[in-house]
Amino acid sequence: MSWLRERLRRPVALLAGAVLIAVAFSALWLARVTVPYTKDPEPTPQDQTAHTPGAGFTLRGMTTVEVVPQVSGADSPVPGAAFVAVVFDYAGEPGVDVACEVHLLGADRTWTRDTQSWVKDWGYQSFCEGSSGTVLKFFQIPATAVPEVHGIRIWGNGGDIILAGEVKVQ
């Protein structure tokens, strides 16, 4: 408390500190304002291919599922939730290994974490690896949010695309 009293006795130092804080916040705000705005890419309809540098991606479908396959059995969603399965193909240019990050898109929200699963026995991959393949991902979301899901966003090979689609409820 004596530290505060000491500072209040020196109004010039207090005023200088306040001005310094205001200048710092103004500089941060100005730095953020000058960053150019980038619009979301136009959605590509389901079963059509969208391209990022060196790769193409095609959404094959989205559906709700009861369980997610695991090495030790199967996982069920928590009460009040549903699993949305997403299947998409990717193909890179010859010699290009494709990398991708996938998010499920809803109305004004995004689900960024998919549920780890074991799908190689079904002929799918859990993530993009190599130059081409078909990926099967599972997202656990609130059951009430299933109707608002309208596609996926993929960041892959330096590009950003949106693949549109509807969830088929099982």
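1. A contact here means heavy atoms within 4.5 Å of each other. Of the contacts in the chain with a separation of 6 or more, 69% are between residues 24 or more positions apart.

2. The model is predicted: local features need pLDDT of at least 70, side-chain atom pairs count only at pLDDT 80 or more, and totals for chains, interfaces and linings use all residues. Residues are numbered from 1 along each chain as its sequence is written, and side-chain values use heavy atoms, with hydrogens and water left out.

3. Secondary structure comes to two helices and 11 strands. These are DSSP runs numbered from the N terminus, with helices (H or I) of at least four residues and strands (E) of at least two. Along the sequence the order is α-α-β-β-β-β-β-β-β-β-β-β-β.

4. On overall dimensions, the C-alpha trace spans about 75 × 40 × 30 Å along its principal axes. The radius of gyration of the chain is 24 Å, whereas a compact globule of 170 residues would have one near 15 Å. That radius is taken over C-alpha atoms, and the globule rule is 2.2 Å times the number of residues to the power 0.38.

5. The chain exposes about 10700 Å², with carbon and sulfur atoms supplying 59% of that area. Accessible areas come from the Shrake-Rupley method with a 1.4 Å probe, and for residues only the protein chains shown count as cover. Of the 170 residues, 36% are buried (buried is under 20% relative accessible area, exposed is over 50%, partly exposed is in between; 1.4 Å probe, protein chains only).

6. Val-68 is one of the buried residues, with a relative accessible area of 0%. Val-68 belongs to strand 3, residues 68–70.

7. A nonpolar surface patch is formed by Leu-15, Val-19 and Val-23, which together have about 280 Å² of accessible area. Patches are made of residues with over 30% relative accessible area and no salt bridge; like charges are joined within 9 Å and nonpolar side chains (Val, Leu, Ile, Met, Phe, Trp, Tyr) within 5 Å. Val-23 is in helix 2, residues 11–33.

8. There is one disulfide in the structure (a pair of cysteine sulfur atoms within 2.5 Å). The disulfide joins Cys-100 to Cys-128, S to S 1.9 Å. Cys-100 lies in strand 6 (residues 100–106) and Cys-128 in the loop between strand 7 (109–111) and strand 8 (132–142), so the link ties together parts that are 28 residues apart in sequence. The link is right-handed, with 90° about the S-S bond, and both Cys-100 and Cys-128 are buried.

9. Five salt bridges are present (a side-chain nitrogen of Lys or Arg within 4 Å of a carboxyl oxygen of Asp or Glu). Asp-47, Arg-60 and Asp-89 are linked in a network of them. In the pair of Arg-60 with Asp-89, the closest N and O atoms are 2.6 Å apart. Arg-60 lies in strand 2 and Asp-89 in strand 5 (residues 81–92), so this pair ties together parts that are 29 residues apart in sequence. In the pair of Arg-60 with Asp-47, the closest N and O atoms are 3.4 Å apart. Arg-60 is partly exposed at 38% relative accessibility, and Asp-47 is partly exposed at 46%.

10. Arg-109 and Glu-148 also meet in a salt bridge, at 2.8 Å from N to O. Arg-109 is in strand 7 and Glu-148 in the loop between strand 8 and strand 9 (151–156), so parts that are 39 residues apart in sequence are tied together.
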